[in-house]
Amino acid sequence: MEKTSKNKKIDMQKLLAPLALVILYIFFAITGNNFLSEDTLKTILESAYFVGFLAFGVTFVIITGGIDLSLGTVMMCSALIGGVAYGSWGWPLWAALILIPVVGLIAGVLNGVMISYLELPPFIATLGTMMMFQGFGAIITKVQTQRFPTIGMEDAWFKSVFFRYNNFPVGTLYLIGFFLLAAFLLNCTRFGRYTFAIGSNEESVRLSGINVKKWKTLVYMISGLFAGIGGVFYAATYTTVIPGTGNGQELNAIAGVVIGGTSMSGGSGTMVGTLIGVFIMSVLKNGLLAVGLEAQWQTFFTGVVVIVAVLMDIQRNKVANRA
């Protein structure tokens, strides 16, 4: 009977993220200015695009007990290099768009090799690559803002295909598609099983004969690839990409993952929770603007929410251990 009660507590805690999303939406619907409008709903969806892709990738990393601080600058650097390929090197747009996730994948390989084979701590390795890719993006562009085509320009299909088509937020379809792909990888493949196993007890996995270094490298490659994909959607959303930026975007993604219930200590997490966490971040951002608070309040309240989420994660782990 006692065990059943504890299991119910653990299950109830899984409902906290979707419950928080519903409560936030209702709160801002009541207090916000025009929050229930169709335009606001589209803005909420569009705000989740590139952060969602970053969050999907870093979910794998955090489940292994690692961290990836390079996501934001890798995303921006990838988009910048794609912009240079299109605007300066004369590449066709489709080829430049393929290059963007390839750059992200290369960054993931670099992170994976340093962490798995050179045995650098994930925090230090990804902090280093964060600064490297921020600088490299500025170097390759000669500190020039890169611009992607928009409506009325040549290659205007870019916006219609990746951002909005006839006022429909088409990027949402990509977000759902890649969410399903990430969920499949995490829950239905050997890669996903090893990801959870490494986060739960890496030494036991190694002693069982599994090549931990290879699988951890793959985890960071997936994270880098998703960052590159996020770069495509960042470019589609904002059109202009500024060198030297990107810091802080990874924190939004990590915050979404933690808010969604993925444990920072590794070994547990879900893509559904991550998706909900990303939308909590997006609703919070747009809701605070709807009630008249300035952008800096979003940063403040995001920090509060992350602290609360981590405290809840600690409590959840205590309950799980007792159970």
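**A nonpolar surface patch and a covered helix**

Helix α14 gives the largest share of the nonpolar patch, namely five residues, where helices are DSSP runs of H or I with at least four residues, numbered from the N terminus. The model is a predicted one, in which local features need pLDDT of at least 70 and side-chain atom pairs count only at pLDDT 80 or more, while totals for chains, interfaces and linings use all residues. Residues are numbered from 1 along each chain as its sequence is written, and side-chain values use heavy atoms, with hydrogens and water left out.

The nonpolar surface patch of about 690 Å² is made by L16, L19, I23, W297, F300, V304, V308 and M312, and the elements that give two or more residues to it are α2 (16–31) and α14 (295–322). Such a patch is made of residues with over 30% relative accessible area and no salt bridge, nonpolar side chains being joined within 5 Å; a salt bridge is a side-chain nitrogen of Lys or Arg within 4 Å of a carboxyl oxygen of Asp or Glu. Accessible areas come from the Shrake-Rupley method with a 1.4 Å probe. F300, which lies in helix α14, is partly exposed because its relative accessible area is 48%, given that buried means under 20%, exposed over 50% and partly exposed in between.

Helix α12, by contrast, is mostly covered, with nine of its eleven residues buried. Among them is V257, which counts as buried because its relative accessibility is 0%. Leaving aside residues up to four places away in sequence, V257 touches A55, V58, T59, I62, T262 and T274, contact meaning heavy atoms within 4.5 Å.

Definitions and conventions: Buried means under 20% relative accessible area, exposed over 50%, partly exposed in between (1.4 Å probe, protein chains only). Patches are made of residues with over 30% relative accessible area and no salt bridge: like charges are joined within 9 Å, nonpolar side chains (Val, Leu, Ile, Met, Phe, Trp, Tyr) within 5 Å.
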